[in-house]
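Here are my notes on this one, for you to read with the model open.

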Amino acid sequence: QVQLVESGGGSVQAGDSLRLSCAASGRTFSIDTMAWFRQAPGKERDFVARISVNGGETYYADSVKGRFTISRDNAKNGVYLEMNSLKPEDTAVYYCAARPIATDRFNYWGQGTQVTVSS
C-alpha cells in the first residue's frame, strides 16, 4: 500500500501563487507516474498534471498549462505543484494520486487539500 498526504492549500487572491506538496509513504518503490487532480464544488474530479517516474515527462491540462508546474523528488518521496497566476476558477480540492508500476490506473489517492482563489 501507498499513503499520500497533501499540504500547502489555502486561500489566496487572484494572481497569487501557491505550492502544493504531496508526501508518499509505504511501498513507494512501486510508484510509477504521479499526478494532481482537482474537484470544484458540484463538478467531477478533473486531471491537472502528471509526471513520469524519473520526472522527465510532464503533461498538463490546457487550463493550467503555462501557469502550473509539477515536479517530484524521489529521494524525498514527494511530488509538488507550483501554481502561479491563480484564477478564481482554480478553486477546488486538489488531490495527489499515484499509479503503480505496470498498471494503467491511479490506485492511490490523498485526502485532498483545499485551494480557494478569490477575485
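1. Start with Arg67, which is buried at a relative accessible area of 11% (buried means under 20%, exposed over 50%, partly exposed in between, with a 1.4 Å probe and protein chains only). Its partner in a salt bridge is Asp90, with the closest N and O atoms 2.7 Å apart. Here a salt bridge is a side-chain nitrogen of Lys or Arg within 4 Å of a carboxyl oxygen of Asp or Glu. Arg67 sits in the loop between β6 (58–60) and β7, Asp90 in the loop between β8 and β9, and 23 residues separate them. Strands (E, at least two residues) are DSSP runs numbered from the N terminus.

2. A word on the source: this is a predicted model, where local features need pLDDT of at least 70 and side-chain atom pairs count only at pLDDT 80 or more, while totals for chains, interfaces and linings use all residues. Residues are numbered from 1 along each chain as its sequence is written, and side-chain values use heavy atoms, leaving out hydrogens and water.

3. What else does Asp90 form a salt bridge with? Arg38, with the closest N and O atoms 2.9 Å apart. Arg38 is in strand β4, 52 residues from Asp90. Asp90 has a relative accessible area of 0%, so it is buried, and Arg38 is buried too. Put together, Arg38, Arg67 and Asp90 make a network of salt bridges.

4. The count comes to 4 salt bridges. One of them pairs Glu82 with Arg19 (3.6 Å, N to O). Glu82 lies in strand β8 and Arg19 in strand β3, so this pair ties together parts 63 residues apart in sequence. Glu82 is partly exposed at 27% relative accessibility, and Arg19 is partly exposed at 44%.

5. Searching the whole structure turns up 1 disulfide (a pair of cysteine sulfur atoms within 2.5 Å). The bond joins Cys22 to Cys96, S to S 2.1 Å. Because Cys22 is in strand β3 and Cys96 in strand β9, the pair ties together parts 74 residues apart. The torsion about the S-S bond is about -80°, so the disulfide is left-handed. Cys22 is buried at 2%, and Cys96 at 0%.

6. Last, the largest nonpolar core has 29 residues. By nonpolar core I mean buried Ala, Val, Leu, Ile, Met, Phe, Trp, Tyr and Cys residues joined through side-chain atoms within 4.5 Å. Those with the most contacts inside it include Leu4, Trp36 and Met83. Among the elements giving two or more residues to this core are β1 (2–7), β5 (45–51) and β11 (113–118).

Conventions:
Helix = DSSP H or I, 4+ residues; strand = E, 2+ residues; numbered from the N terminus.
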